[in-house]
Amino acid sequence: MGVLEGIRILELARVAPAELPGMMLADMGADVLKIDTPLERPQDSDERRRAAFVYVNRNKRSLALNLKSPEGQAIFRQLASSADIIVEGFRPGVMKRLGADYETIRELNPRIVYCSLSGFGQSGPYRDLPAHDLNYLSLAGILDLIGEPDRKPQIPLNLVADYAGASMHGALGIMLALFARERTGQGQHVDVSYLDSSVALLAATPNMRFFWSDNLVPRRGAGFLGGGFPYYAVYETSEGRYLTIACVEPRLWENFCRAIDRPDFVRFSIGPDEFVRAPDGDEVRAREEIQAIIRTKTRDEWWAILTQADIAVAKVYDTVEMVSDAQVRAREMVIDVAHPEHGVVRQFGIPIKLSTTQGSVRRGAPFCGEHTEAVLRELGKSVAQIADLRSRRVVG
């Protein structure tokens, strides 16, 4: 039995970061009904095949509903009156225009936990601006810190603002609001901003401590996590592949220096002033000498040597190698999901491991409107009424 079995969620989202919180809760047993717009998700055969592999929509059902029509809005409010959670990912103001904003729904259902994920939140001067992950990272001061000091910032994958930021904070905010409801009996509005959550993640980095305490401004390529110091760097191997060395602890760095037969490099262990400064000339030369040593063997040869010496080391995998890795497989992070139309669909597994109420993948991602009839029947609609709604494009 999933820990969230019996919890009913309505999801209105068109981008994956706003869909991920619902999937995380669905994996833990919640009944997540995705509200799709009938004409918004193409349903040709190729799109249907690709939709089956969409990780963030698994374990959900789909109701195709025209929320621009008064009847569609009435159906949504009927669903919302008995729901536990609503997750929406539109710009501020959109849900109000659809008659489905928090204030409206709260009048129908005071216990509702209503989570809004938006770029800049429900308040502030940027509230109505469009933006994406790259923009949030820029404004959060994160992008300026990624890359080498003499080059422009490097664009990372959209894992920070979109997923580690908004998605994870959204899921956590929902669970906190549910916990509060158990104590008070009242729901509340969970306002999650992609920018806010990015700023919060940056605040967790070590070098920001010194910005607040000593007014030392972090710089790109500087600091012990910037990649310039020899103990925390990416090294190329003989066949052009890469290893990462992350020996921040002096003990691990000493082990590494012994393993490459350069005990004289132990003196380049992390120091108290390296949270914000750039490496000096000796440290740069040490890193270059280590690079020359690492180029004498293959990546897998170094892996075999260094993992036996208690060193923080890892191979830089491509995607094919990652999904085949023994640790990833042992943790069931690659799974096969049965799909009624496309057979076995491979996806990533559930990262949160609970000992007694573990999550499960019960179904793949739904097609747009796959569960429309079933949901309407649950609301007491007759076959004739459903056919009439379809004919007038209230539902799809």
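Me: How many bridges join strand β10 to strand β11?
Reply: This is a predicted model, where local features need pLDDT of at least 70, side-chain atom pairs count only at pLDDT 80 or more, and totals for chains, interfaces and linings use all residues. Residues are numbered from 1 along each chain as its sequence is written, and side-chain values use heavy atoms, with hydrogens and water left out. Strands (E, at least two residues) and helices (H or I, at least four) are DSSP runs numbered from the N terminus. β10 (residues 334–339) and β11 (residues 343–348) run antiparallel, and the bridges joining them number six.

Me: Which residue in β11 stands opposite Val337?
Reply: A hairpin of three residues joins β10 to β11. Across from Val337 stands Val345.

Me: In what order do the six strands of the open sheet lie?
Reply: Strands pair if DSSP finds at least two bridges between them. The pairing in this sheet is parallel, and the order is β3-β2-β1-β4-β5-β6.

Me: Which strands are the edge strands, and what is the average twist?
Reply: Each edge strand pairs on one side only; these are β3 (60–64) and β6 (188–193). From one strand to the next, the twist averages 20°.

Me: Which residue in β2 is the bridge partner of Arg8?
Reply: β1 (residues 8–12) and β2 (residues 31–36) run parallel, joined by four bridges. The partner of Arg8 is Asp31.

Me: Is α1 parallel, perpendicular or oblique to α7?
Reply: Helix α1 (residues 16–27) packs on helix α7 (residues 160–184) at about 40°, with axes 8 Å apart. Axes are lines fitted to C-alpha atoms, for helices over the stretch in contact, and angles run from 0 to 180 degrees between N-to-C directions. Under 35 degrees counts as roughly parallel, over 145 as roughly antiparallel, 65 to 115 as roughly perpendicular, and the rest as oblique. That makes the relation of α1 to α7 oblique.

Me: Which α7 residues meet α1?
Reply: Contact means heavy atoms within 4.5 Å. From α1, Ala16, Pro17, Leu20, Pro21, Met24 and Leu25 take part. In α7, they meet Asp162, Tyr163, Ser167, Met168, Gly170, Ala171, Ile174 and Met175.

Me: Is Ser391 buried or exposed?
Reply: Ser391 is in helix α16 (residues 383–391). Buried means under 20% relative accessible area, exposed over 50%, and partly exposed in between (1.4 Å probe, protein chains only). Because its relative accessibility is 56%, Ser391 counts as exposed.

Me: What distance separates the C-alpha atoms of Ser391 and Pro250?
Reply: The C-alpha atoms of the chain fill a box of roughly 80 × 50 × 40 Å along the principal axes. Ser391 and Pro250 are 141 residues apart along the chain, and their C-alpha separation is 71 Å.
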